[in-house]
Amino acid sequence: SVAVEDQKFCLKEVLNTFKLCLSENKEVYLEHYVAGWRGLIKFLNSLGSVFGFISKDAVNKIQILVNHMNDENGSQYVTVQSMVKYELENELVDLTKRGSHPESGCRTLLRLHRALRWLELFLERLRTSKEDSKTSVMCAEAYNESLSQHHPWVVRKAAGMAFCMLPGRLSFFEVMNVGQPEQVVAMLGEALPLISEVYQITEDLYAQHNLLELP
Ligand code: 1Q0
(Lines give C-alpha, C1' and ligand atoms only; values in the text may rest on other atoms or scores of the structure.)
Protein backbone atom coordinates (compact mmCIF):
# COMPACT_ATOMS: atom_id res chain seq x y z
CA SER A 1 0.00 0.00 0.00
CA VAL A 2 0.97 3.63 -0.33
CA ALA A 3 1.49 4.07 3.41
CA VAL A 4 4.01 1.26 3.56
CA GLU A 5 5.87 2.57 0.52
CA ASP A 6 6.18 5.93 2.22
CA GLN A 7 7.99 4.33 5.11
CA LYS A 8 10.62 2.85 2.86
CA PHE A 9 13.84 4.68 2.37
CA CYS A 10 14.44 5.87 -1.12
CA LEU A 11 17.70 7.48 -2.16
CA LYS A 12 15.92 9.46 -4.85
CA GLU A 13 13.74 11.10 -2.24
CA VAL A 14 16.76 12.21 -0.25
CA LEU A 15 18.38 13.47 -3.42
CA ASN A 16 15.31 15.55 -4.11
CA THR A 17 15.30 17.15 -0.68
CA PHE A 18 18.95 18.14 -1.06
CA LYS A 19 18.05 19.67 -4.43
CA LEU A 20 15.40 21.75 -2.70
CA CYS A 21 17.86 22.93 -0.06
CA LEU A 22 19.41 25.71 -2.10
CA SER A 23 17.58 28.92 -2.88
CA GLU A 24 18.27 30.88 -6.04
CA ASN A 25 20.79 33.05 -4.28
CA LYS A 26 22.40 29.98 -2.71
CA GLU A 27 20.96 30.17 0.75
CA VAL A 28 20.27 26.88 2.54
CA TYR A 29 16.65 26.26 3.51
CA LEU A 30 16.46 24.74 6.98
CA GLU A 31 13.20 22.99 6.24
CA HIS A 32 14.71 20.93 3.43
CA TYR A 33 18.03 20.45 5.23
CA VAL A 34 16.11 18.90 8.09
CA ALA A 35 14.01 16.83 5.69
CA GLY A 36 17.19 15.53 4.07
CA TRP A 37 18.46 14.35 7.42
CA ARG A 38 15.10 12.77 8.22
CA GLY A 39 15.43 10.69 5.08
CA LEU A 40 18.96 9.63 5.99
CA ILE A 41 17.86 8.67 9.49
CA LYS A 42 15.10 6.55 8.01
CA PHE A 43 17.82 4.74 6.11
CA LEU A 44 19.96 4.35 9.21
CA ASN A 45 17.03 2.96 11.20
CA SER A 46 16.39 0.34 8.57
CA LEU A 47 19.92 -0.98 9.12
CA GLY A 48 19.14 -2.13 12.64
CA SER A 49 19.15 -1.15 16.29
CA VAL A 50 22.94 -1.08 16.72
CA PHE A 51 22.78 2.31 15.04
CA GLY A 52 20.17 3.52 17.51
CA PHE A 53 22.57 5.68 19.52
CA ILE A 54 23.55 7.50 16.34
CA SER A 55 20.04 8.04 15.04
CA LYS A 56 18.87 9.09 18.49
CA ASP A 57 21.40 11.91 18.60
CA ALA A 58 20.57 12.97 15.05
CA VAL A 59 16.82 12.96 15.76
CA ASN A 60 17.46 14.99 18.88
CA LYS A 61 19.41 17.60 16.91
CA ILE A 62 16.74 17.77 14.22
CA GLN A 63 14.08 18.24 16.87
CA ILE A 64 15.99 21.20 18.35
CA LEU A 65 16.08 22.85 14.93
CA VAL A 66 12.40 22.11 14.28
CA ASN A 67 11.51 23.63 17.64
CA HIS A 68 13.33 26.82 16.66
CA MET A 69 11.51 26.83 13.32
CA ASN A 70 8.16 26.43 15.07
CA ASP A 71 8.58 28.88 17.91
CA GLU A 72 7.57 32.54 17.84
CA ASN A 73 10.80 33.60 16.13
CA GLY A 74 10.42 30.90 13.52
CA SER A 75 10.55 33.41 10.68
CA GLN A 76 14.23 33.93 11.53
CA TYR A 77 14.86 30.24 10.96
CA VAL A 78 13.99 29.96 7.30
CA THR A 79 17.54 29.65 6.02
CA VAL A 80 20.84 28.81 7.69
CA GLN A 81 21.99 32.31 6.72
CA SER A 82 19.06 34.03 8.46
CA MET A 83 19.45 31.78 11.50
CA VAL A 84 23.13 32.65 11.88
CA LYS A 85 22.44 36.37 11.49
CA TYR A 86 19.55 36.33 13.95
CA GLU A 87 21.26 34.28 16.64
CA LEU A 88 24.52 36.23 16.46
CA GLU A 89 22.84 39.64 16.47
CA ASN A 90 20.76 38.66 19.48
CA GLU A 91 23.60 36.92 21.33
CA LEU A 92 21.83 33.59 21.34
CA VAL A 93 24.99 31.54 20.75
CA ASP A 94 27.59 30.31 23.24
CA LEU A 95 30.74 31.23 21.35
CA THR A 96 33.63 29.96 23.47
CA LYS A 97 32.23 27.77 26.20
CA ARG A 98 28.93 26.17 26.99
CA GLY A 99 26.65 28.56 28.83
CA SER A 100 23.10 29.76 28.65
CA HIS A 101 22.48 28.69 25.03
CA PRO A 102 23.29 24.98 24.86
CA GLU A 103 20.65 24.48 22.17
CA SER A 104 21.40 27.30 19.79
CA GLY A 105 20.52 26.62 16.19
CA CYS A 106 24.10 27.46 15.23
CA ARG A 107 25.82 24.88 17.44
CA THR A 108 23.17 22.27 16.74
CA LEU A 109 23.39 22.62 12.98
CA LEU A 110 27.19 22.55 13.18
CA ARG A 111 26.99 18.95 14.47
CA LEU A 112 24.88 17.91 11.50
CA HIS A 113 27.07 19.92 9.18
CA ARG A 114 30.15 17.99 10.32
CA ALA A 115 28.22 14.76 9.79
CA LEU A 116 27.37 15.91 6.27
CA ARG A 117 31.08 15.94 5.48
CA TRP A 118 31.28 12.34 6.65
CA LEU A 119 28.33 11.53 4.38
CA GLU A 120 29.99 13.20 1.41
CA LEU A 121 33.20 11.21 1.91
CA PHE A 122 31.36 7.96 2.51
CA LEU A 123 29.08 8.29 -0.52
CA GLU A 124 32.04 9.16 -2.73
CA ARG A 125 33.73 5.97 -1.59
CA LEU A 126 30.56 3.97 -2.20
CA ARG A 127 30.21 5.47 -5.66
CA THR A 128 33.71 4.49 -6.72
CA SER A 129 33.79 1.18 -4.82
CA LYS A 130 34.54 -2.20 -6.35
CA GLU A 131 32.39 -5.29 -5.96
CA ASP A 132 34.58 -6.59 -3.15
CA SER A 133 34.87 -3.28 -1.27
CA LYS A 134 33.73 -3.37 2.35
CA THR A 135 31.15 -0.80 3.47
CA SER A 136 32.49 -0.97 7.03
CA VAL A 137 35.97 0.03 5.83
CA MET A 138 34.67 2.81 3.59
CA CYS A 139 32.50 4.12 6.38
CA ALA A 140 35.33 4.02 8.93
CA GLU A 141 37.75 5.76 6.58
CA ALA A 142 35.26 8.52 5.86
CA TYR A 143 34.60 8.89 9.59
CA ASN A 144 38.27 9.00 10.50
CA GLU A 145 38.86 11.75 7.96
CA SER A 146 36.05 13.92 9.24
CA LEU A 147 33.64 13.55 12.14
CA SER A 148 35.92 11.51 14.40
CA GLN A 149 38.10 14.56 15.01
CA HIS A 150 35.20 16.11 16.90
CA HIS A 151 34.37 13.04 18.98
CA PRO A 152 35.82 11.81 22.25
CA TRP A 153 37.39 8.40 22.46
CA VAL A 154 34.28 6.56 23.75
CA VAL A 155 32.15 7.80 20.86
CA ARG A 156 34.84 6.88 18.33
CA LYS A 157 35.03 3.43 19.85
CA ALA A 158 31.26 2.91 19.76
CA ALA A 159 31.04 4.23 16.20
CA GLY A 160 33.82 1.89 15.11
CA MET A 161 31.95 -1.08 16.56
CA ALA A 162 28.70 -0.03 14.88
CA PHE A 163 30.41 0.28 11.49
CA CYS A 164 31.38 -3.39 11.67
CA MET A 165 27.67 -4.24 11.68
CA LEU A 166 27.00 -2.53 8.36
CA PRO A 167 25.62 -4.80 5.65
CA GLY A 168 27.78 -5.61 2.65
CA ARG A 169 27.94 -3.40 -0.41
CA LEU A 170 25.20 -5.16 -2.36
CA SER A 171 22.61 -5.29 0.42
CA PHE A 172 23.51 -1.71 1.22
CA PHE A 173 22.69 -0.77 -2.36
CA GLU A 174 19.43 -2.70 -2.14
CA VAL A 175 18.28 -0.75 0.90
CA MET A 176 18.81 2.42 -1.09
CA ASN A 177 15.90 1.25 -3.18
CA VAL A 178 17.09 2.65 -6.50
CA GLY A 179 17.57 -0.41 -8.67
CA GLN A 180 20.64 -2.14 -10.06
CA PRO A 181 24.10 -1.24 -8.66
CA GLU A 182 24.86 0.74 -11.82
CA GLN A 183 21.79 2.88 -11.20
CA VAL A 184 22.82 3.42 -7.59
CA VAL A 185 26.25 4.55 -8.75
CA ALA A 186 24.66 6.93 -11.26
CA MET A 187 22.34 8.38 -8.67
CA LEU A 188 25.19 8.84 -6.22
CA GLY A 189 27.02 10.72 -8.95
CA GLU A 190 24.02 12.99 -9.22
CA ALA A 191 23.54 13.43 -5.47
CA LEU A 192 27.13 14.11 -4.48
CA PRO A 193 27.61 17.51 -6.15
CA LEU A 194 24.41 18.72 -4.46
CA ILE A 195 25.48 17.51 -1.04
CA SER A 196 28.95 19.01 -1.59
CA GLU A 197 27.51 22.35 -2.53
CA VAL A 198 25.23 22.51 0.51
CA TYR A 199 28.19 21.50 2.66
CA GLN A 200 30.53 24.09 1.15
CA ILE A 201 28.09 26.97 1.41
CA THR A 202 27.48 26.20 5.08
CA GLU A 203 31.19 25.72 5.72
CA ASP A 204 32.03 29.10 4.16
CA LEU A 205 29.29 30.84 6.12
CA TYR A 206 30.44 29.32 9.41
CA ALA A 207 34.09 30.10 8.65
CA GLN A 208 33.24 33.68 7.79
CA HIS A 209 31.57 34.13 11.19
CA ASN A 210 34.12 32.09 13.11
CA LEU A 211 31.60 29.48 14.13
CA LEU A 212 33.41 26.29 13.20
CA GLU A 213 34.43 25.43 16.75
CA LEU A 214 31.22 26.27 18.62
CA PRO A 215 31.07 24.40 21.94
C1 1Q0 B 1 25.71 4.08 7.83
C2 1Q0 B 1 26.37 4.26 9.13
C3 1Q0 B 1 26.06 5.52 9.76
C4 1Q0 B 1 27.22 6.02 10.49
C5 1Q0 B 1 27.07 7.45 10.89
C6 1Q0 B 1 28.42 8.04 11.19
C7 1Q0 B 1 28.37 8.96 12.31
C8 1Q0 B 1 28.79 8.33 13.59
C9 1Q0 B 1 28.50 9.27 14.69
C10 1Q0 B 1 28.41 8.61 16.01
C11 1Q0 B 1 28.14 9.58 17.13
C12 1Q0 B 1 26.72 9.59 17.61
C13 1Q0 B 1 26.64 9.76 19.11
C14 1Q0 B 1 26.54 11.18 19.56
C15 1Q0 B 1 27.52 12.06 19.34
C16 1Q0 B 1 27.43 13.49 19.79
O17 1Q0 B 1 28.24 13.65 20.93
C18 1Q0 B 1 27.90 14.38 18.66
C19 1Q0 B 1 28.18 15.79 19.11
O20 1Q0 B 1 27.02 16.38 19.60
P21 1Q0 B 1 27.09 17.14 21.01
O22 1Q0 B 1 25.70 17.70 21.24
O23 1Q0 B 1 27.48 16.14 22.05
O24 1Q0 B 1 28.12 18.22 20.88
N25 1Q0 B 1 26.91 14.35 17.63
C26 1Q0 B 1 27.24 14.30 16.32
O27 1Q0 B 1 28.39 14.32 15.96
C28 1Q0 B 1 26.10 14.23 15.32
C29 1Q0 B 1 26.16 12.93 14.60
C30 1Q0 B 1 25.01 12.81 13.65
C31 1Q0 B 1 25.16 11.59 12.82
C32 1Q0 B 1 24.01 11.46 11.88
C33 1Q0 B 1 24.16 10.25 11.06
C34 1Q0 B 1 22.96 10.03 10.24
C35 1Q0 B 1 23.21 8.86 9.40
C36 1Q0 B 1 22.71 8.64 8.27
C37 1Q0 B 1 22.98 7.41 7.53
C38 1Q0 B 1 23.25 7.69 6.15
C39 1Q0 B 1 23.48 6.46 5.38
C40 1Q0 B 1 24.29 6.75 4.19
C41 1Q0 B 1 23.79 6.17 2.95
C42 1Q0 B 1 22.52 6.73 2.50
C43 1Q0 B 1 22.53 7.01 1.09
C44 1Q0 B 1 22.21 8.43 0.77
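Visitor: How many salt bridges does the count come to?
Guide: The model is predicted. A pair qualifies when a side-chain nitrogen of Lys or Arg lies within 4 Å of a carboxyl oxygen of Asp or Glu. By this rule the count comes to 9 salt bridges.

Visitor: Which residue forms a salt bridge with E13?
Guide: E13 sits in helix α2 (residues 11-20), and its partner sits in helix α3, 29 residues apart. The closest N and O atoms are 3.5 Å apart.

Visitor: How many residues apart are E190 and K19?
Guide: Their side chains meet in a salt bridge, 3.5 Å from N to O. E190 belongs to helix α10 and K19 to helix α2, so the pair links distant parts of the chain. The separation is 171 residues.

Visitor: Which residues do salt bridges that share partners join into one network?
Guide: The side chains of R125 and E141 meet at 2.8 Å, N to O. R125 lies in helix α6 and E141 in helix α7 (residues 135-144), so the pair ties together parts 16 residues apart in sequence. The network consists of R125, E141 and E145.

Definitions and conventions: Residues are numbered from 1 along each chain as its sequence is written. This is a predicted model: local features need pLDDT of at least 70, side-chain atom pairs count only at pLDDT 80 or more; totals for chains, interfaces and linings use all residues. Side-chain values use heavy atoms; hydrogens and water are left out. Helices (H or I, at least four residues) and strands (E, at least two) are DSSP runs, numbered from the N terminus. Buried means under 20% relative accessible area, exposed over 50%, partly exposed in between (1.4 Å probe, protein chains only).
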